[in-house]
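Here is a short report on one structure. Please read it with the sequence and the coordinates open.

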Amino acid sequence: MQNLGNNSKVTIKSIEAVGIELPYDPPFCPAWVPGEVQKSREYTIVKLTTAEGVVGWGASAGRNNAQVVNKVIKSYLEGKDLFATEQHIKYLRTTGVWCVE
């Protein structure tokens, strides 16, 4: 990545989220829930692209999170400074999706 200097900002150009379901083969029986059989696990995969073309990937449990990312979080973050995380987290905590690790 190029040196952007102290006063440059990296702008978020786009965010795309998709929900996926990955099957377990064989099914998974968690020890913490006796008798339960899980046949798959749902995730949300998020692709973030900066105006400079840098691409980052992230994931969270639950594929329904993709709807919130695409309908709510995307419109907030696009065009913003990638590194203004303290500002972003204040908004993200209001969305009901735990998407920051």
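## Tryptophan 57

Tryptophan 57 sits in strand β3. Strands here are DSSP runs of E of at least two residues, helices are runs of H or I of at least four residues, and both are numbered from the N terminus. Tryptophan 57 is exposed, at 63% relative accessibility. The classes are buried (under 20% relative accessible area), exposed (over 50%) and partly exposed (in between), with a 1.4 Å probe and protein chains only.

Leaving aside residues up to four places away in sequence, tryptophan 57 touches Ile45, Val46 and Lys47. A contact means heavy atoms within 4.5 Å. Valine 46 is 11 residues from tryptophan 57 in sequence, and their C-alpha atoms are 5.6 Å apart.

## Basis of the model

The model is predicted: local features need pLDDT of at least 70, side-chain atom pairs count only at pLDDT 80 or more, and totals for chains, interfaces and linings use all residues. Residues are numbered from 1 along each chain as its sequence is written, and side-chain values use heavy atoms, with hydrogens and water left out.

## The sheet

Three strands form an open sheet in the order β1-β2-β3, with antiparallel pairing. Two strands pair if DSSP finds at least two bridges between them. β1 and β3 are the edge strands, each pairing on one side only. From one strand to the next, the twist averages 25°. Axes are lines fitted to C-alpha atoms, for helices over the stretch in contact; angles run from 0 to 180 degrees between N-to-C directions.

The antiparallel pairing of β1 with β2 spans 12 bridges. There, glycine 19 stands opposite threonine 44 of β2. Helix α1 packs on the sheet and touches β1, β2 and β3. The direction of α1 makes about 165° with that of β1.

β2 and β3 also run antiparallel, joined by seven bridges. Leucine 48 has glycine 56 in β3 as its bridge partner.

## Backbone details

Two local features deserve a look. In the hairpin of β2 and β3, four residues lie between the strands, and glycine 53 takes a positive phi near 95°. Strand β1 contains proline 26. The peptide bond from aspartate 25 to proline 26 is cis, with omega near 10°. As background, most residues other than glycine have a negative phi, and most peptide bonds are trans.

## Salt bridges

How many salt bridges does a search of the whole structure find? There are two. The criterion is a side-chain nitrogen of Lys or Arg within 4 Å of a carboxyl oxygen of Asp or Glu. Glutamate 21 and arginine 63 form a salt bridge, at 3.5 Å from N to O. Glutamate 21 lies in β1 (residues 12-28) and arginine 63 in the loop between β3 (55-61) and α1 (65-77), so this pair ties together parts 42 residues apart in sequence.

Arginine 63 also forms a salt bridge with glutamate 42, with the closest N and O atoms 3.2 Å apart. Glutamate 42 belongs to β2 (residues 38-50) and arginine 63 to the loop between β3 and α1, so the pair links parts 21 residues apart in sequence.

What is the exposure class of each member? Glutamate 21 is partly exposed at 38% relative accessibility. Arginine 63 is partly exposed, with a relative accessible area of 34%. Glutamate 42 counts as partly exposed at 30%.
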